[in-house]
Amino acid sequence: MAHTAPRTAIRTREHGRFTADRRPGRRHPLVATAMVLPLAALLVYAFGGWEAVVTQASSVGVMLGR
């Protein structure tokens, strides 16, 4: 138990090396699409099909003035 702190410090430094090369907040559009599609399919199934989703989207669009 006395040696846990040094290992944590080493892991933290190693972790910083991998994240420093990546741009924060940027994601490829295809990756974002692949992440959203399962949720969209679940919502279409949960709310009664495509017609219900289109109806809700159009009513929101009318409410926003489009």
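What share of the 66 residues in the protein is buried? Buried residues make up 3% of them. A residue counts as buried when its relative accessible area is under 20%. The model discussed here is predicted.

The protein has 3 helices and 0 strands, and along the sequence these give the pattern α-α-α. The accessible surface comes to about 6500 Å². Carbon and sulfur atoms account for 66% of that surface.

The mean pLDDT of the protein is 76, and 64% of the residues reach 70 or more. Among the elements, helix H1, residues 4-20, has the lowest mean pLDDT, 57. Helix H2 has the highest, 88.

Helix H2 covers residues 29-46.

What comes after H2? Glycine 48 follows the helix, and its phi is positive, near 95°. Phenylalanine 47 lies in the loop between H2 and helix H3. Is phenylalanine 47 buried or exposed? Its relative accessible area is 58%, and exposed means over 50%, so phenylalanine 47 is exposed.

Phenylalanine 47 also takes part in a nonpolar surface patch of about 420 Å², together with Leu39, Leu42 and Leu43. An α-helix has 3.6 residues a turn, so residues three or four places apart point the same way.

Helix H3 runs over residues 50-64. The same length check applies to this helix. Its 15 residues should span 21 Å at 1.5 Å a residue, and the end C-alpha atoms are 21 Å apart, so expectation and model agree. Glycine 65 follows H3, with a positive phi near 90°.

Key: Residues are numbered from 1 along each chain as its sequence is written. This is a predicted model: local features need pLDDT of at least 70, side-chain atom pairs count only at pLDDT 80 or more; totals for chains, interfaces and linings use all residues. Side-chain values use heavy atoms; hydrogens and water are left out. Helices (H or I, at least four residues) and strands (E, at least two) are DSSP runs, numbered from the N terminus. The expected span of a helix is 1.5 Å times one less than its number of residues. Patches are made of residues with over 30% relative accessible area and no salt bridge: like charges are joined within 9 Å, nonpolar side chains (Val, Leu, Ile, Met, Phe, Trp, Tyr) within 5 Å. Accessible areas come from the Shrake-Rupley method with a 1.4 Å probe; for residues, only the protein chains shown count as cover. A salt bridge is a side-chain nitrogen of Lys or Arg within 4 Å of a carboxyl oxygen of Asp or Glu. Buried means under 20% relative accessible area, exposed over 50%, partly exposed in between (1.4 Å probe, protein chains only). pLDDT is the predictor's confidence in each residue, from 0 to 100.
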